[in-house]
Amino acid sequence: MTLLYIVAATLIGGVLSVVIAASMTFAAMGRLVKHLVSLSTGVLLATSLLHVLPEAFESGQADTHRLFATLLGGLLFFFLLEKAELYRHAHHHEGDGHGHHHHFDAEQAGRGGVSVLVGDSIHNFCDGLIIAAAFLVSPELGVTTSLAVILHEIPQEVGDTIVLINAGFSRRRALAYNALSGLTAVVGGVLGYYLVGAWQEVFPYLLVVASSSFIYVAVADLIPQMQRHLPWREILAQLAWIAAGLGVVMLATGLMHGAH
């Protein structure tokens, strides 16, 4: 049953993001990404700092100093992956009406749509491993972690679609390739279930690595996008979406605990 949950959770993120991208116009995708960046920030920070990290540190199965060292190593690892363009994020929102060079995604597109797809596939594979590790600890943590992954997967995949279209891909081709790259999350989830399921002592470390991924994406990728000079109305909107992200995680956790 746990494997079924893992497969379902890894499939939902990829399928949902592609369906959303397919159903919207190019301009609408840009507007959606802008708001989901703020929502994702709240979800990722709440999940990692309020749920996943506490679960790892309270497990009693690992030394605290080693867990903090793992957190540091994870942050540096994802930094280096992004430096190598193997952990790319494409949450940029074109056409948001604020005058920052309208075709700026062409800078990324110039490096080739293939590198976007390779980076996205590796990112999705890591997400699958993260979801598997969380479900192997508990269903509650699995659901909360899956929610964080899915909600940050949507703006990532929609943003990737924008980048690929700018790189010269047709809309249908961009969506098809994004759907294929999303399947690597399922591969990561299944491998995670079979490879780490027998070693419970490594779960706290996997959870810390998962947290480092969430924290890195939020702090290094999403928050800098929101640090532009904006009118007060838009700043308040950002704060509202971040608060909504925090609320979604707290609500989901409360519902899961109430069901048990």
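**Figure 1. Glycine 245, a buried residue of helix 9.** At 0% relative accessibility, glycine 245 counts as buried. The model shown here is predicted. Glycine 245 belongs to helix 9, which covers residues 232-258. Its C-alpha atom is 8.1 Å from that of leucine 44. Along the chain, glycine 245 and leucine 44 are 201 residues apart. The cut-off for the label is simple: buried means under 20% relative accessible area. Glycine 245, at 0%, therefore counts as buried.

**Figure 2. The protein as a set of helices.** This view gives the wider setting. The protein has nine helices and zero strands. Its pattern along the sequence reads α-α-α-α-α-α-α-α-α. The protein has 260 residues, and 48% of them count as buried.

**Figure 3. Glycine 128, a buried residue of helix 5.** Helix 5 spans residues 113-137 and includes glycine 128. Is glycine 128 buried or exposed? Its relative accessible area is 0%, so glycine 128 is buried. Isoleucine 6 lies 122 residues away from glycine 128 in sequence. In space, the two C-alpha atoms are 8.0 Å apart.

**Figure 4. Alanine 27, a partly exposed residue of helix 2.** Alanine 27 sits in helix 2, which runs over residues 26-57. Its relative accessibility is 39%, so alanine 27 counts as partly exposed. That label covers values between the buried limit of 20% and the exposed limit of 50%. How many residues separate alanine 27 from isoleucine 162 in sequence? The separation is 135 residues. From C-alpha to C-alpha, alanine 27 and isoleucine 162 are 9.7 Å apart.

**Figure 5. Helix 1 packed with helix 7.** The axes of helix 1 and helix 7 are 9 Å apart. The packing angle is about 165°. Angles over 145 degrees count as roughly antiparallel. Helix 1 and helix 7 are therefore roughly antiparallel to each other. The crossing of helix 1 past helix 7 is right-handed.

Figure 6. Which helices each supply at least two residues of the patch? They are helix 1, residues 2-22, and helix 7, residues 171-196. Valine 15 has 48% relative accessibility and so counts as partly exposed.

**Figure 7. Helix 6 beside helix 8.** Helix 6 is made of residues 139-166, and helix 8 of residues 203-225. Their axes come within 12 Å and cross at roughly 30°. That makes helix 6 roughly parallel to helix 8, because angles under 35 degrees count as roughly parallel. The crossing of helix 6 past helix 8 is left-handed.

**Figure 8. Helix 3 beside helix 8.** Helix 3 takes in residues 64-83. How do helix 3 and helix 8 lie, and what is the angle at which their axes cross? The axes come within 8 Å and cross at roughly 45°. Helix 3 is therefore oblique to helix 8. Helix 3 passes helix 8 in a right-handed crossing.

Notes: Residues are numbered from 1 along each chain as its sequence is written. This is a predicted model: local features need pLDDT of at least 70, side-chain atom pairs count only at pLDDT 80 or more; totals for chains, interfaces and linings use all residues. Side-chain values use heavy atoms; hydrogens and water are left out. Helices (H or I, at least four residues) and strands (E, at least two) are DSSP runs, numbered from the N terminus. Buried means under 20% relative accessible area, exposed over 50%, partly exposed in between (1.4 Å probe, protein chains only). Axes are lines fitted to C-alpha atoms, for helices over the stretch in contact, and angles run from 0 to 180 degrees between N-to-C directions. Angles under 35 degrees count as roughly parallel, over 145 as roughly antiparallel, 65 to 115 as roughly perpendicular and the rest as oblique. A crossing is left-handed if the near helix is turned anticlockwise from the far one by less than a right angle, and right-handed if clockwise.
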